Structure formats: structure tokens, C-alpha cells
Amino acid sequence: MNVNHKCIKRTCGERVEAITLSISWSVHSGSSKTPLSNTLDDHQLISYTGCHSFISLWEYFTRPFFGCVCHRRDCGMLLNETPIFEPSLLQELDWSSNTVPFSPPISPSSPGEGLVLRPLCTADFHRGFFKVLSQLTTTGDVTPEQFTKKFDHMKKSGDYYVVVVEDTNLRRIVATATLITEHKFIHSCAKRGRVEEVVVSDVCRGKQLGKLLVSALTLLSKKLECYKITLECSPTNVAFYQKFGYTASHETYMQCRFPN
């Protein structure tokens with residue numbers, strides 16, 4: 001077996017060592033374990049500097065759905081493709097009940113050429129997730145450890161539905177939105193949905209992704225049996241959200257911010 005070494009640079013700037021091995025394996029999709037149509041040969045495997053975990057360059061630079069993506073050794077975190085909620089919830093949405101027109105037609109299963117709508121995963125840390133969020137508000141200098149800890153907390157609670165749109169050609173997150181479910185004693189111990197942090201990257205605006213995200217999360221809240229769904233927006237965006245059936249409340253939104 002021939003082994004060759006070279007250095008490559010990830011999009012985040014981290015340098016990694018690439019090792020070329022002559023191997024052959026059958027790749028299986030993450031959940032169904034169904035073999036893909038072809039067998040991959042002569043894979044390049046990435047060995048992160050100082051780490052003993054490997055993933056294929058094919059896996060890393062296309063769609064790494066088949067295993068963990070190991071970050072640098074001093075991080076100690078495994079950034080992988082585990083979704084923050086069950087992807088079938090998006091796949092099973094009744095899109096026929098969507099009342100907002102799309103031209104050209106798009107849907108959660110077909111969001112556009114080269115795009116995929118799916119739940120957030122920790123590997124999205126290196127796909128520009130925070131860069132997109134920063135176009136909405138201040139995100140701070142979040143480390144992989146902080147991100148993974150918060151992700152695990154949200155996933156464990158079962159009440160956070162963070163969706164992203166990924167450009168599979170660029171391997172970058174280009175849009176995101178969040179649905180949070182709140183458990184109530186009122187209304188016979190019902191659930192309320194809240195839509196938050198809807199943002200589309202400035203490089204992908206005009207592709208109806210904002211409409212798609214809001215439509216998908218609104219339908220998802222109905223599927224989760226929320227008795228209502230709410231959101232907060234600026235007065236200039238009221239007309240946009242009215243398209244999805246949202247109405248302005250007579251109540252006044254108030255807040256109290258605490259200094260860091």
C-alpha cells in the first residue's frame with residue numbers, strides 16, 4: 001500500500017495533513033444503510049494534525065453523512081452530522097397545505113438547485129453557520145466547545161428545531177431559522193411555537209429561501225400540535241409575515257436586557 005503525505009487547508013483556515021491510501025469500500029447512507037451505486041477507490045483520508053481519527057476527502061468535500069468529522073486535538077470535540085432533531089419531521093410535512101406561492105416552485109425536499117434544507121448539525125460550525133447568523137445579530141466569538149455544549153443541550157431538550165439551507169456545491173450554510181416549542185399549563189397543557197432567527201445569507205437572497213424557511217417552520221409547528229405560533233419582527237417586515245397567516249397583535253412587545 002502506497003502512502004503519500006501532503007498538506008491542505010480547510011475553508012476555516014486550519015491546516016490538515018492529507019494521506020493518500022489505496023483502499024476500496026462501499027459507502028452506506030447514514031440512516032438507511034443502503035449501499036450506494038458505486039464503490040469508492042483510492043480514497044484520500046484526512047488525518048487532523050495531532051489526531052488519530054480519519055475521514056475521506058471525498059466524504060469531507062462532498063457530503064460527509066457517513067461518520068464523524070474530527071476537529072483539532074486541542075478542541076476534543078467531535079463535530080459530526082448528527083441532526084439536532086429528526087429529519088423525517090421535515091420530510092413528512094404536508095406541503096400541499098402551504099398557502100404561500102413560490103415562483104419557481106420550491107419545497108423543503110426541493111429548495112433549489114444545489115441546495116438542501118435539513119436540521120442543523122455540529123459539523124455546520126465549519127460550514128459558515130455563525131457567519132450567516134452574524135448577518136442578523138451579534139454572535140460573539142463562539143468556540144467549538146461552546147457550540148457543541150449548547151447544541152447538545154438543545155437536542156436533549158427536544159424543543160429546538162434549528163433548520164439550515166446548505167449550498168452543497170460550496171459546502172456552506174446559506175440560510176437558517178429556528179422553531180422553539182414552549183410547554184404550557186394553559187390551553188390543556190398545550191405547546192406554543194416561536195419562530196426566531198430567520199436569516200438568509202446576502203449571497204443567496206432572491207431565491208425565496210426566507211419564504212421557504214418560514215413556511216416550513218409554520219407547518220412544522222402545526223405538525224407538532226402547537227396551539228399557536230408567534231414571532232417578533234420589525235414593522236417593515238409585517239407585510240412579509242402576513243403572507244403566511246400571521247397577524248399583528250394588539251399587545252406591546254417589551255424586553256429588559258441585562259449587561260454582560
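**Reading the labels**

Modeller: Let's start with helix α4, whose buried residues pack against β8 (78–79) and α3 (129–133); contact here means heavy atoms within 4.5 Å. This is a predicted model, where local features need pLDDT of at least 70, side-chain atom pairs count only at pLDDT 80 or more, and totals for chains, interfaces and linings use all residues. Residues are numbered from 1 along each chain as its sequence is written, and side-chain values use heavy atoms, with hydrogens and water left out.

Colleague: Which residues of α4 are buried?
Modeller: They are P144, F147, T148 and F151. Buried means under 20% relative accessible area, exposed over 50%, and partly exposed in between (1.4 Å probe, protein chains only).

Colleague: What makes them line one face of the helix?
Modeller: Looking down the axis of α4, the buried residues fall within an arc of 95°, so one face is what they line. That arc is taken from the directions from the helix axis to the C-beta atoms. On the other side, K149 and K156 are exposed.

Colleague: How is the span of α4 set against what is expected?
Modeller: The expected span is 1.5 Å times one less than the number of residues. Helix α4 (residues 144–157) has 14 residues and reaches 20 Å from its first C-alpha to its last, close to the 20 Å expected. Helices (H or I, at least four residues) and strands (E, at least two) are DSSP runs, numbered from the N terminus.

Colleague: On to the strands: what makes β10 and β11 a pair?
Modeller: Two strands pair if DSSP finds at least two bridges between them. β10 (residues 160–167) and β11 have eight, in the antiparallel sense. For example, E166 has I173 in β11 as its bridge partner.

Colleague: And how does β12 pair with β13, parallel or antiparallel?
Modeller: Parallel, over five bridges, with V195 partnered by L231 in β13.

Colleague: Which hand does the unit of β12, α6 and β13 have?
Modeller: β12, helix α6 (residues 209–223) and β13 make a right-handed β-α-β unit. Right-handed means that, with the strands pointing away from the viewer, the path from the first strand over the helix to the second runs clockwise.

Colleague: Last one: why is C233 called partly exposed, and C256 exposed?
Modeller: C233 has 35% relative accessibility, so it counts as partly exposed. C256 has a relative accessible area of 59%, so exposed is the word.
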